[in-house]
Amino acid sequence: MNPLQQLYLQAIIKHQEQEKVKQEEQVQKQSNEILKQQQLLSLMSYSTDNLIEKKAWSLIDIQNRITQYFQQQVLRKQVVTIKNCIEYHLPYFLNVLGNLIIHGLDQIQGETEQIVLLKTQFIAQPNKITMSSSLFQTLSLLLRSQLVQYDKGTQFLSKFLIFRDDFCDIFFNTLYQYSISSNQQVSQQLSFNQLYSMIKKVPEDIWGTFIFKMFSQQQQKLNKDQFLVQFNQYTVNMNNFFKKSNLIFDVVENTVKQTAQMHNDSIFQEYLLIMGSFKATTQDFLRKATSVYFEEHNDEIDLNEFNIRTQKIHKQMNCSILYILPMLLQIESHMIDMIQQDRYNDNTQVKNSSNYYLKMIEKLKNKCVYNGEDECNCKKCQCIRRNRNSAKESQRKKREALEKIGPLQDAYEELQKKVKVIENENETLRQLLTEVFKHPTVSQLSPEFIEPLTKVIQDTDPVQHSNSYEC
């Protein structure tokens, strides 16, 4: 086990202990909430004549009533029909959420003046709308279940990143802020303003802040163990996102099948770049990032230091791998807005290049970010490990064969040297014999002796030369 794996294992153990404590605290909080709700219901069961003082509903009370209404719609599988009440320009998904919440306000009975005042405020300033955890999860479920009738664009929200069951909790738990109502009631709220800022990337460091809060789980400091555990979980979540069906992939696939095409090439290109960067640099990033974020004498960092070092590591590796989640949220939102705009405009048909993007996405989907590492046991990684082991075994056998051939190779080279010497001697002897037979005295000898001998020398010389070379 290498040092990085040991650190990762230790981090997992510590994280599990922290999670156990958090789960116990969460159970206690849930018990307290249930007790409060029971007390509230018991108070509501009394007749108004028995109430000494009638208090105005708090924001969380109103949100709970809206949540209950939409939960009933989901259970009954009834479609909620809404109309646009918001004139303020918002990203499409926020426009739908805002109109759903306003529709929910219309369904509440009682406290008419307070409801009307709140509705007027939401219509005039939709960025001030906030959602509790239960309300946001219920609205996400409603949209995933395709139980909202607004316009044709709502079909795309069923797979929109922030509403997916594997990401809606991540976004809420990372972006929520504490809110205190007039009656001193504290609650966790996700505001439209925060989501709008994520889409617009204003301020510039909002994505870095988002990732820091996600990794540190809303703590002031991020330590090394947390980073290792949370980055691994982040990798798993994003890997599953790219492997499974998602909004952009579905739009690319549907665009290929249609005859009238909408020109989304810029978004498709950006998606491919994000996907390719994630698949190619994930493991390298983890190795380099641990040394950049956490130096020898620095076991934890704050938000400001995290943002500075994130920019540094992204610049070194020429990628923005930590920002992939908010980047995907942004381009999915832009794509839905673009589709909505194209639907209401008379577009000229453009050349369809979506088939290229579909093929490239399919190709990248089959690539695992772990690239054969022991941490992953998918079929692709198993195949890579088998190929690596086969290559190593082949190299081992080659080395062993060379070790055995070594002495034979030396003997062969020595034999080649001897053959060369003999060839040189034969050549010298042939030249001497030729000179001898050119002498006048020898040439007068009997032809019966000279001609057969010369013929023997001429016939045997090439054969002997060839045989000695082959040896």
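**Figure 1. Glu204 and its salt bridge to Lys201.** Glu204 is exposed, with a relative accessible area of 60%. The model shown here and in the other views is predicted. The side chain of Glu204 meets that of Lys201 in a salt bridge, 3.3 Å from N to O. Lys201 counts as partly exposed, because its relative accessibility of 22% falls between the 20% and 50% cut-offs. Side chains of opposite charge can pair when their charged atoms come close.

Figure 2. Lys201 is not a glycine, yet its phi is positive, at about 55°. A cis peptide bond joins Val202 and Pro203. Its omega is about 0°. Both features stand out because most residues other than glycine have a negative phi, and most peptide bonds are trans.

Figure 3. Gln146 sits in the loop between α5 (133–144) and β3. Its phi is positive, about 55°, although Gln146 is not a glycine. Is the residue buried or exposed? Gln146 counts as exposed, because its relative accessibility of 52% is over the 50% cut-off.

**Figure 4. Asp250 and Lys159, a salt bridge across the chain.** The side chains of Asp250 and Lys159 meet in a salt bridge, with an N to O distance of 2.6 Å. The pair links distant parts of the chain, 91 residues apart. Asp250 belongs to helix α10 (residues 247–257). Lys159 comes from the loop between β3 (148–149) and α6 (168–175). Asp250 is buried, with a relative accessible area of 16%. Lys159, at 32%, is partly exposed. The structure holds eight salt bridges.

Figure 5. Arg309 forms a salt bridge with Glu305. The closest N and O atoms are 2.8 Å apart. Arg309 and Glu305 are separated by about one helical turn, because they are four residues apart in helix α12. Arg309 is buried, with a relative accessible area of 10%. Glu305 is partly exposed, at 27%. Elsewhere, salt bridges that share partners join Glu393, Arg396 and Glu400 into one network.

Figure 6. His314 lies in helix α12, which spans residues 303–317. Which backbone atom does the His314 side chain reach? The side chain reaches the backbone nitrogen of Leu322, at 3.3 Å. Leaving aside its neighbours within four places in sequence, His314 is in contact with Phe285, Cys319, Ser320, Ile321, Leu322 and Tyr323.

Figure 7. Tyr178, Ile180 and Val186 make a nonpolar surface patch. Ile180 lies in strand β4 (residues 177–180). Ile180 counts as exposed, because its relative accessibility of 57% is over the 50% cut-off.

**Figure 8. Cys378 and Cys383, cysteines without a disulfide.** How many disulfides does the structure hold? A search of the whole structure finds zero. Cys383 is in no disulfide. The nearest cysteine sulfur to that of Cys383 belongs to Cys378, 9.8 Å away. A disulfide would need the two sulfur atoms within 2.5 Å. Cys378 counts as buried, because its relative accessibility of 18% is under the 20% cut-off. Cys383 is partly exposed, with a relative accessible area of 33%.

Technical notes:
Residues numbered from 1 in each chain as written. Predicted model: local features only at pLDDT ≥ 70, side-chain atom pairs only at ≥ 80, totals over all residues. Heavy atoms only, no water. Helix = DSSP H or I, 4+ residues; strand = E, 2+ residues; numbered from the N terminus. Polar contact = N/O pair within 3.5 Å; in protein donor to acceptor, adjacent residues only side chain to side chain. Contact = heavy atoms within 4.5 Å. Patch = residues over 30% accessible without salt bridge, like charges linked within 9 Å, V, L, I, M, F, W, Y side chains within 5 Å. Areas by Shrake-Rupley, 256 points an atom, 1.4 Å probe, with all protein chains shown as cover. Salt bridge = Lys/Arg side-chain N within 4 Å of Asp/Glu carboxyl O. Buried < 20%, exposed > 50% of the residue type's maximum accessible area, 1.4 Å probe, protein only.
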